[in-house]
Structure formats: C-alpha cells, structure tokens
Amino acid sequence: MTSTAEPVLFDPADPELRRDPYPTYRRMREVAPAWRSPTGIWYFTRYADSFELFRSPALSYDSTATAAYQASLSSDPEERARQLEETRRNRSLLDVDPPEHTRLRSLINRAFTAPVVEAARPRIVGFVDQLMDAFEGPVVDLVGAYGSLLPIIVICDMMGVDPAERHEFLDIGHAVARSVDPDVPLEEKLAANQRMRTYIGGLLDARRATPGDDLTTRLIQAAADGRVTEEELVINTGILLVAGFETTTNLITNAVYRLVTHPDQLARLRAEPGLIKSAIEEVLRFDPPSQFMRPRTIIAEVEVGGARLHPGDPVVPLIAAANRDPEEFPDPDTFDIGRTPNRHFSFGVGPHLCVGAALARMEAQIAVERLFDRYPNLSLVDEELEYRPNLQLRGFAKLNARLG
C-alpha cells in the first residue's frame, strides 16, 4: 500500500499522459499497483486486481455516491439539492447498480439485438466506401474525414436521425464525450447532458408521431410495457447514441496508426486478411480508446491488491495499464495482431460489459480493412501527433495521411 506522502504516480492533469501514458502505467504496476492519490482515489493497474474489482459486489456504479462527486456539489443547500436532482435525472444504466441496472439494460437488450447489429453490416460497408469516395487527396485527415464521421453516420442511420442533423449531433457527441474527463467542471457535465436530453426528447417525439424501421422506434416499443420512465427512456436512448461515438472514432484511427507504424504487422494482415478481427482486438488491448473507467465507489469493506478499501472509497481500474500486465499478456508492449488469447478489458467485464461492443468491432474491422484495401501505400504525414485533450478517451485530434 502507498501513502499519500509518497510521490504522485498518476496525475490526470499531466499533459505528457495525453502523448504517452504507458511508461506511467508501467511504473505504477511496478512501484504501487494499488495506489491512492492525494485526492483519495485508488488506482489499480494489475490485471488480476482489476478483474477482481470488476466482479466484486463491493464495487458500486452509483454516480452520486463517490466522494469526488459529493465534494463537487455546492455548499448552498438549495443549489446542492438542485444539482443532485439534475444528476439523478441524467443517470443511465452506466451509473446505477442492480436491480436498476438490470431493468434499464433490458430496455437496450430488447431493441439493440445481435441480429439488428448484423443487419447493419451492408450499410456500414456502403458508408465506409462513400466516405473514401469523398476524400480530397492526396493528404486526408483520417479523424475529421473518416474516423469521426463513420460512427455518427452509422448510429444516426440505425436510429432514424435525419441526415441533415448529423453535424448537430456530432457537436453534441463531442460535448458529452468531453464531460467524462476528470477535470471537466460539474456544470459543464450537466449542460452537456441537458443538451443531449433535449435533442433525444425531440427525436422520440418525432418517432412516436411517425414510427419507422429504426432503433428509436424499437426502443419506444420496448418501453411501452412501463418498465422504464420517460426520462429513463430519454437518457438511455441518448447513451446508446453517444456511448460508442468517440470511442469508436478513436478505435478506428488508433488502429490505422498502429498498423502503419508497425509495418511488419500490416504486411501480415495483408497476407492474412482473416486476421482483421484479431488485429482490432489487439488495438483494443494495446492502445484502448477508453483508458480507464470513471471513479466508482466501494460500498463494503474489501481487500484488493493488498489495499484495504472502505465504504466510500473511490476506485479506478486503469484498463490500459491492466491490458499491458505481463502477468496476463506475454511480451505486453509488443503489438501482435495474432495474439491469442487476448482477454483485454477494453469493453469492460461482467454486467456492465459495453452494450455497443459488437457494433464498434464491426465498424472498426470494416473501416480499417477497406481503407488499406483501397490505399495500400497509405502513410502518415505529421511527425508530431496531436492527441485530443481528453485523457480518459484516448485518440487523435487529427491524423493526416498521404493516400498514395
């Protein structure tokens, strides 16, 4: 166990972490795999410890229970009550425990089924080709012209969003994605969620008036039995729209970057196209688009990784660190697209396993495979890469590539 008097091993405000967090994660695993920060948050970097946390009944996902959240509330009683009520209204299946989580997840499961996802494959192929047709070469920003557009086009198409509104929703998605970063003020988080809720409310009203063969209509139908409230339908529909938005963008562009900068692995993929699924899994392990989960709360005495945790303690499994634990992954700092087994944590574990995992995998596989098929000589232009300021959601602000 590490005391708060010892050196700071992980500072979310450190800009160097945006560029390359992996040396920091390695040092944490070696020096203090269960480390308590000066702010009281416990960070876990080993695979076994993170797995134990993910599966522990002592871990609560209740977003209002963390010490960090409580500390962020206003000291004014009326304002504090307003903030609490606003936060509770914005809680989705990501922010609650069973049985509430089970009930809300069933809404998504009934509408967002495996056949629904698989049925989207031909349209995803078409969207990928359309985006590449629109490239204005010879140099293209693969974030702005490709990676950021595909997920939003796909999910908007699946949910029946008017194509004219895609750019508006892109802006909403950016705001909501930014709101998960640790240093974003509470008021900004609430404003982003309110903006999303207003937009989704209008979308639901439109689909009630004119039902269609889309995911929004299916969600409305799934909620018709009264198992969820109208507000719960709104916020969880919104989560389905934005949860995989920036993470899938990052997965696609991180995959392109890793393959181009590991030419031996790219050559292997070209020789064995069937490795595309394994390649995307290795990107998810090696450089995950979501580096860590938000602070969650311990609700019962438990010992993990040699640390004695008490009710109220906030904990963060550092997913990206656990994904490179040599105790689980031999030669973990080697990018190997044929790695097996590859039990990474990038989509979570247990009841909170990402509901959009199958769709994200499909989009990334299609986007990466078809990009290199069309542009086999693709190369990167910028020597200094620019990452987004969001530490939790790791991805490029731009990724300029020469197509030919």
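**Figure 1. Burial in the predicted protein chain.** Buried residues make up 55% of the 404 residues in the protein chain. Buried means under 20% relative accessible area, with a 1.4 Å probe and protein chains only. This is a predicted model: local features need pLDDT of at least 70, side-chain atom pairs count only at pLDDT 80 or more, and totals for chains, interfaces and linings use all residues. Residues are numbered from 1 along each chain as its sequence is written, and side-chain values use heavy atoms, without hydrogens and water.

**Figure 2. Fold and overall dimensions.** The protein chain holds 19 helices and twelve strands. These are DSSP runs (helices H or I, at least four residues; strands E, at least two), numbered from the N terminus. The radius of gyration is 21 Å, close to the 22 Å from the globule rule for 404 residues, so the chain is as compact as a globular protein of that length. That radius is taken over C-alpha atoms, and the rule is 2.2 Å times the number of residues to the power 0.38. The C-alpha atoms fill a box of roughly 60 × 55 × 35 Å along the principal axes.

**Figure 3. Helix α8 and its neighbours.** Helix α8 covers residues 121-133. From first C-alpha to last, its 13 residues reach 18 Å, close to the 18 Å expected at 1.5 Å a residue. The expected span is 1.5 Å times one less than the number of residues. Ile-124, Phe-127, Val-128, Asp-129, Leu-131 and Met-132 are buried in α8. The buried residues of α8 pack against α9 (143-147), α10 (149-159) and α19 (357-374); contact means heavy atoms within 4.5 Å.

Methods. Buried means under 20% relative accessible area, exposed over 50%, partly exposed in between (1.4 Å probe, protein chains only).
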